[in-house]
Amino acid sequence: MTATRLTQALALAAALGIAAVTATGCAVARDQQTVGAYIDDAGITTAVKAKLAEDPTTSAVAISVETLNGEVQLSGFAKSQHEKDQAGQIAAGVKHVKNVKNMIVVRP
């Protein structure tokens, strides 16, 4: 790796680290969770959203995903009970998910 690329990589890593600490400042300040737990929850949320987007029977656009301490809450709208149930099963199947609260509303 050239010196320029190494410098760019280090600058990027530092910027991402600062962004992660800055983004987590509010949650940690309110004693909701640790920085590590916040990062874990963000990873869970991202994984659930990706799996919803991959599944042809669920609408990742219409379903919101929030995670706190490994507990996932799904909200938004589904076109059928099957879509709602499928979204819940997908979320439950993601690694490190402790519980799923499926608050999706079915509306045709």
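Let's start in the sheet: Glu 71 stands opposite Asn 99, a residue of strand β3. Glu 71, in β2, also has Leu 68 across from it. Keep in mind that this is a predicted model.

**Strand β2 and its partners**

Strand β2 covers residues 71–78 and runs antiparallel to strand β1 (residues 63–68). The hairpin of β1 and β2 has 2 residues between the strands, and Asn 69 takes a positive phi near 55° there. With β3, the pairing of β2 is parallel. Strand β4 (residues 105–106) likewise runs parallel to β2, and here Phe 77 has Val 105 as its bridge partner. The pairings of β2 can be set side by side:

| Strand pair | Sense | Bridges |
|---|---|---|
| β1 and β2 | antiparallel | 6 bridges |
| β2 and β3 | parallel | 4 bridges |
| β2 and β4 | parallel | 2 bridges |

What handedness does the β-α-β unit of β2, helix α3 and β3 have? The unit is right-handed, with helix α3 spanning residues 81–92.

The chain averages a pLDDT of 82, and 69% of the residues score at least 70. Strand β3 (residues 99–102) has the highest confidence in the chain, at 98. Helix α1 (residues 3–29) sits at the other end, with the lowest mean, 55. Over residues 24–29 the pLDDT stays under 50, and the model has 8 contacts beyond four places in sequence for this stretch. Where pLDDT is low, predicted coordinates should not be read in detail.

Definitions and conventions: Residues are numbered from 1 along each chain as its sequence is written. This is a predicted model: local features need pLDDT of at least 70, side-chain atom pairs count only at pLDDT 80 or more; totals for chains, interfaces and linings use all residues. Side-chain values use heavy atoms; hydrogens and water are left out. pLDDT is the predictor's confidence in each residue, from 0 to 100. Contact means heavy atoms within 4.5 Å. Two strands pair if DSSP finds at least two bridges between them. A crossover is right-handed if, with the strands pointing away from the viewer, the path from the first strand over the helix to the second runs clockwise.
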